[in-house]
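Thanks for coming, everyone. Let me put the structure up, and then I'll go through a few local features.

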Amino acid sequence: MSGTLLTVVVLLPVLGALLTIWTGGRTRAVLGTSSALVTLLASIGLTVQVWERGGSVFHLDLVGDLEVVLVADGLAAAMLLMVTVTGSFVAVFALVEDRRDVTGRARGYWPLSLGLWAALQVLFLGGDLLTLYLMFEAIGVAAVALVAAGGDRRANLAATRYLYAELVATVTLLFGIALTWQQAGTLVLAELPAGFGTEPLGAAALALITAGLLVKVPLVPVHLWLPAAHALSAGAVSPLLSALVVKTAFVVLLRIWYLGTPQAVPVEAAQLLGALGVVAILWGSMVAFRATEVKVLIAYSTIAQLGVLFLAVPLLVAGQVDAWIGGLLHAIAHAPAKAAALLAAAVLAEDAGHGAIEGLRGAAARRPVAVFALAVSAVSLVGLPPTVGFVAKWQLLLAGVAAGQWWWVAVLAVGSLLTAGYLMRLVKPTFDRDAEVSRPSDPGGTPRRADGRDIVALALALVTVLAGVRPGELLRLLQLVPPHLAGG
Amino acid sequence: MTGGALLPLLLLVTSLAPAIIIFVLPERWAVTRAVINVGGAVLKVALAGVMVLGVFAGIEFEWRMAFLPGIDLVLRADPVPLLFIVLSALLWLTTTVYAIGFLEGDEHQARFFGFFSLCVTATVGIALAGNLVTFLLFYELLTVTTYPLVVHKGDAESRVGGRAYLLYTVAGGALFLVGVVWLHTLAGAVEFGQTAVLAELAIEHRGALTAVFLFLVGGLAFKAALVPLHGWLPRAMVAPAPVSALLHAVAVVKAGAYGIVRVVHDLYGQQLAVDLGVLTPLALAAAITIVYGSLRALVQDDLKRRLAYSTVSQLSYITLGISILGVTSTTAGLVHLVHQGVMKVTLFYCAGSMNKMLGVSRVSEMDGVGRRMPATMTAFTLAAIGMVGLPPTAGFITKWYLGTGAIEAGQLWVVAVLAASSALNAAYFLPPVARAWFRSAESPDAARETVSQPERREAGRWLLWPSLATGLSVIVLGVLAGMPGSPLTWAAMIAEELMAR
């Protein structure tokens with residue numbers, strides 16, 4: 001039954017999180033990874049069901065008029081796959097790293113990451129504002145705790161800033177949701193009255209929700225919490241944040257705007273969001289060009305890539321279904337690429353003994369597999385074939401040209417050049433032959449050209465190639481959404 | 001899957017499989033690696049031969065797979081692709097042999113040969129691409145897989161050259177992509193060979209189709225190194241000699257020129273391109289590139305830089321040929337795809353051998369090289385004469401057809417360009433040849449330690465045989481140009497078919 005499978009998908013990571021609280025040592029890591037992999041299988045099963053039967057909706061009554069609504073449509077299934085595929089690779093990476101015990105990871109990693117994972121899944125399934133709000137809270141808490149678990153003072157400061165940003169976003173979001181409740185009498189997106197958001201108070205509610213979500217994405221100019229939090233968190237944490245958590249607010253925004261209140265979005269607001277996206281691309285790229293730390297560069301690349309997502313918004317308002325596919329696919333495509341890049345960066349930083357870009361010199365000889373993973377991810381992030389990043393860019397360009405909004409087309413083209421430019425800064429030094437001598441991280445240990453983690457990073461990077469050569473199913477899945485999209 | 005669908009795929013697999021195996025093999029298994037490399041290359045030549053026979057027997061070779069909504073990935077053996085496939089299969093074989101000899105004892109060979117094979121896979125994909133999206137996919141794959149080869153030496157100069165290479169080609173790719181997307185929104189999934197579709201579309205969308213042409217050819221011009229988009233090419237010649245040979249003869253720059261051929265002939269059709277008025281500017285750009293490249297080549301002392309500028313110039317003969325309306329000039333453009341490849345690959349082989357054996361990298365150091373490496377220098381001389389365009393070489397055939405084609409089309413200015421270019425070709429190719437044969441190594445300006453020992457140091461057979469094979473082909477292709485099955489008769493046949501469409 002579809003409902004059973006949905007419950008399994010949602011509860012498995014919760015169960016895993018509980019189990020890893022009460023176990024220790026090797027058992028904890030094995031249990032954590034196993035629950036990740038089983039969840040992956042369950043989410044594949046759920047996707048197949050959605051594929052065969054179309055989407056389905058589940059209601060769970062809470063006290064009073066409140067109810068939890070979960071929507072298992074194609075969009076949710078695709079986002080679940082993004083979470084479970086990327087998350088599983090990160091889990092295996094953490095399992096291998098745990099065996100080596102190189103970071104002395106805090107006890108909290110497994111419960112927190114699995115808890116985060118559960119919250120992410122429910123959020124992507126969420127069909128009412130209450131569920132979405134609660135899951136944003138849970139994700140925020142788990143993410144902040146994971147950043148802080150990095151240990152040192154700088155990580156704590158970054159976590160604190162992250163927490164403040166989350167608080168501001170949540171309070172704004174909550175006001176918006178309360179206003180929606182007062183105006184519409186329901187929090188279920190599909191039941192919002194037609195024309196909601198066109199009257200002033202409804203519009204204010206939508207504006208508040210949007211503002212809260214933009215801080216959470218984050219979109220320039222409210223992005224300042226992200227780089228430090230993402231760059232300073234541990235090797236197996238930052239992929240979860242940069243690849244998965246940042247997608248939540250964007251997907252929810254699309255769900256609310258286009259599945260909840262399709263008529264209420266003014267063209268000007270959409271163009272403004274697109275323009276902010278452009279600023280994000282330019283600003284993120286500019287800082288990435290000047291970064292000296294690998295993970296700082298990658299964090300600013302995330303800012304720029306999140307900007308690309310918002311180019312889809314004005315095109316979507318212009319009625320382009322390709323923008324829907326392209327925007328969401330860009331969000332999905334970014335996940336394995338960015339996660340693989342960060343995993344590779346973690347391995348390479350350990351190899352060099354520090355995280356500066358300078359440390360990548362000669363790495364193609366010392367850690368060829370990790371460098372290859374980094375390079376393949378970079379190709380997908382730039383949006384070159386045969387990776388899924390290209391397919392996303394293709395769909396966005398198609399929407400831009402078909403809508404006749406050439407400025408977004410130009411931005412996309414320039415954006416991929418900028419991406420190529422700053423990611424080049426990571427790949428180029430790896431070929432330096434004068435710096436190929438290995439520096440073993442633990443004195444006395446023999447340097448290794450690759451271990452399990454390098455291979456996990458490469459395998460995850462190659463997921464972008466697999467999805468890039470055969471994107472048909474994923475593209476169709478993204479169009480299996482409730483019928484009111486077809487009209488808008 | 002029938003044989004007709006399988007063969008195009010197998011042509012890819014014969015280099016993709018070696019690439020994957022080589023990446024996994026341990027670095028020290030040099031012999032196994034060489035066997036896999038050469039084995040894959042020989043198999044590819046054999047399959048290309050089977051494909052040629054099959055096409056002449058009337059079999060259609062086409063493989064397709066659903067890719068994007070409404071767009072398939074298509075590999076198809078049309079006449080023009082076939083010519084390019086045979087060229088790249090043969091030159092890949094010789095270059096593989098050469099590279100094995102050239103890199104002997106070097107580090108990172110697994111990485112080198114892995115990407116080398118990927119690079120050839122991409123080239124075959126480009127050759128067989130049946131529509132623009134398939135072409136784009138392999139075109140960009142070529143961009144990224146060539147990068148590790150360009151920076152293989154790992155010194156600062158290589159890394160800077162690699163960066164220039166990548167940024168130029170990614171920029172070109174972005175322009176090209178916009179053109180592809182635009183055309184898709186106008187015409188849907190057009191495949192190569194369906195020129196009637198665009199001809200019909202041109203009635204309504206003249207302006208848009210002209211703009212799309214500019215985007216497509218403008219994007220391709222980066223790789224085809226049309227002035228002023230050629231800046232990466234002289235910088236990328238820091239790559240090892242076999243890479244330069246491949247880059248200049250079959251892979252990157254050739255992919256650009258080949259793309260222009262396909263856009264003009266298999267997408268728009270030459271007649272439509274003439275009607276839109278886009279061919280004259282293209283011919284002018286090619287002519288400017290020919291003269292400019294030659295002028296720059298003239299003043300380069302570094303041999304490989306001189307060869308790089310010569311490529312800038314020579315490659316534009318292809319573009320020039322196909323942008324003049326008529327069977328004869330189109331024949332010239334198509335046949336030069338082959339001729340330029342064979343000549344340029346020889347020159348880079350020889351330059352690499354000289355550098356490896358004698359440490360000679362500059363024209364001013366070439367005194368007496370002919371006596372020390374007579375066989376290598378013979379191959380170099382043959383290719384150089386071919387470049388100048390003297391009979392009975394392959395280069396002469398190109399220039400002859402280009403000239404007569406231009407006269408037939410009434411474009412006499414092209415003849416002037418050809419004459420000027422040939423004079424310049426002679427001016428920058430004959431001096432190194434003359435130095436090598438007629439000056440002795442003891443002359444005062446070449447009193448370097450390595451050069452002052454006049455004993456023979458001919459290149460080893462791994463380096464020599466490929467050079468001699470391609471060098472002799474320069475003559476053979478010229479002398480036997482009229483024989484059935486020669487590139488010329490083949491190109492003429494294709495040109496007639498294209499013009500009759």
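Start with A:Ser233. Set aside its neighbours within four places in sequence, and A:Ser233 is in contact with A:Val147, A:Ser238, A:Leu241 and A:Lys295. Keep in mind that this is a predicted model.

Where does A:Ser233 sit? Look in the loop between α8 (226–232) and α9 (238–260) of chain A. Buried or exposed? A:Ser233 has a relative accessibility of 4%, so it counts as buried; the cut-off is under 20%.

Next, helix packing. Two packed helices are described by the angle between their axes and the distance between the axes.

Take chain A. Helix α12 (residues 321–352) packs with helix α15 (residues 388–403) at an angle of about 155°, and the axes are 8 Å apart. That angle makes α12(A) roughly antiparallel to α15(A), because the cut-off is over 145 degrees. The crossing is left-handed as α12(A) passes α15(A).

Who makes the contact? From α12(A), we have A:Asp322, A:Ala323, A:Ile325, A:Gly326, A:Gly327, A:Leu329, A:His330 and A:Ala333. From α15(A), the residues include A:Val388, A:Gly389, A:Val391, A:Ala392 and A:Gln395. A:Leu396, A:Leu398 and A:Ala399 are also among the α15(A) residues in this contact. How do the residues of this contact divide? Into 10 nonpolar, five polar and one charged.

Now chain B. Here the pair is helix α17 (residues 374–388) and helix α20 (residues 461–479). Their axes come within 8 Å and cross at roughly 35°. The crossing of α17(B) and α20(B) is left-handed.

On the α17(B) side, the contact residues are B:Ala375, B:Thr376, B:Ala379, B:Leu382, B:Ala383 and B:Gly386. They meet B:Leu464, B:Ser467, B:Leu468, B:Gly471, B:Leu472, B:Val474 and B:Ile475 in α20(B). The residues of this contact divide into nine nonpolar, four polar and no charged.

On to the backbone. A:Pro386 is in the loop between α14 (368–382) and α15 of chain A. In chain B, the bond from B:Pro391 to B:Pro392 is cis, with omega near 5°. B:Pro392 lies in the loop between α17 and α18 (394–408) of chain B.

Last stop: positive phi in chain B.

B:His108 is not a glycine, yet it has a positive phi of about 55°. Find B:His108 in the loop between α3 (79–102) and α4 (109–128) of chain B. Its relative accessible area is 13%, so B:His108 is buried.

Then B:Ala225. Its phi is positive, about 60°, although B:Ala225 is not a glycine. Which loop holds B:Ala225? The one between α8 (206–223) and α9 (232–236) of chain B. With 0% relative accessibility, B:Ala225 counts as buried.

That's my tour. Over to you for discussion.

Terms used:
Residues numbered from 1 in each chain as written. Chains lettered and ligands numbered in written order. Predicted model: local features only at pLDDT ≥ 70, side-chain atom pairs only at ≥ 80, totals over all residues. Heavy atoms only, no water. Axes fitted to C-alpha atoms, helices over the stretch in contact; angles between N-to-C directions. Helix = DSSP H or I, 4+ residues; strand = E, 2+ residues; numbered from the N terminus. Parallel < 35°, antiparallel > 145°, perpendicular 65-115°, else oblique. Left-handed = near helix turned anticlockwise from the far one by under 90°. Contact = heavy atoms within 4.5 Å. Nonpolar A, V, L, I, M, F, W, Y, C, P; charged D, E, K, R; others polar. Buried < 20%, exposed > 50% of the residue type's maximum accessible area, 1.4 Å probe, protein only.
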